[in-house]
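Reader: I would like to learn how to read the inside of a protein model. Please take me through one.
Author: Gladly. Here it is.

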Amino acid sequence: MKPSKRFLIGTLVSLVLVQSTSANPSARIQVSDIKALLIRAIDQGSAHGVLVGEAATYVRQKFESTAPIEIDVRTLYALPQQGCSRLEVTTRQKDVLEKTKRGDKELAYQVSYCRDGRFPEK
């Protein structure tokens, strides 16, 4: 499994999920990892996708939900390194089973990322 998929899966599974609302998944770009959304957000300010493939299958099984996994990325600010930005990633899924309760969940985190696929130096 690619490092970006492991990062996404680890982040989705390990961080605490909170309740949220959801956008229409049909207007979103289908992605098998978040790299394309990170780059698009750096270039355009924001990006909206829906996770597909192995990572999506894993998350759906883990949280016992067949609902789409939506991902929104927005640029918070540009970093000093050319082509790099601080980004906010928000992931949502409806009807997630967590501790015997079902509900709509959201996970938000921040990451620094560069258009060329690297993580910037501090």
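Reader: Which residues have the most contacts inside the largest nonpolar core?
Author: Some ground rules come before the answer. This is a predicted model, so local features need pLDDT of at least 70 and side-chain atom pairs count only at pLDDT 80 or more, while totals for chains, interfaces and linings use all residues. Residues are numbered from 1 along each chain as its sequence is written, and side-chain values use heavy atoms, with hydrogens and water left out. A nonpolar core is a set of buried Ala, Val, Leu, Ile, Met, Phe, Trp, Tyr and Cys residues joined through side-chain atoms within 4.5 Å. Buried means under 20% relative accessible area (1.4 Å probe, protein chains only). Here the largest core has 22 residues, and Leu37, Leu38, Leu51, Ile71, Val73, Leu87 and Val89 have the most contacts inside it. Among the elements that each supply at least two of its residues are helix H2 (35–44) and strand S5 (84–98).

Reader: Which residues of H2 are buried?
Author: Helices are DSSP runs of H or I, at least four residues; strands are runs of E, at least two; both are numbered from the N terminus. In H2, the buried residues are Leu37, Leu38, Ala41 and Ile42. They lie on the same side of H2, because their arc around the axis is only 140 degrees. That arc is taken from the directions from the helix axis to the C-beta atoms.

Reader: How many bridges join S5 to S6?
Author: Two strands pair if DSSP finds at least two bridges between them. S5 and S6 run antiparallel, joined by 13 bridges.

Methods
Buried < 20%, exposed > 50% of the residue type's maximum accessible area, 1.4 Å probe, protein only.
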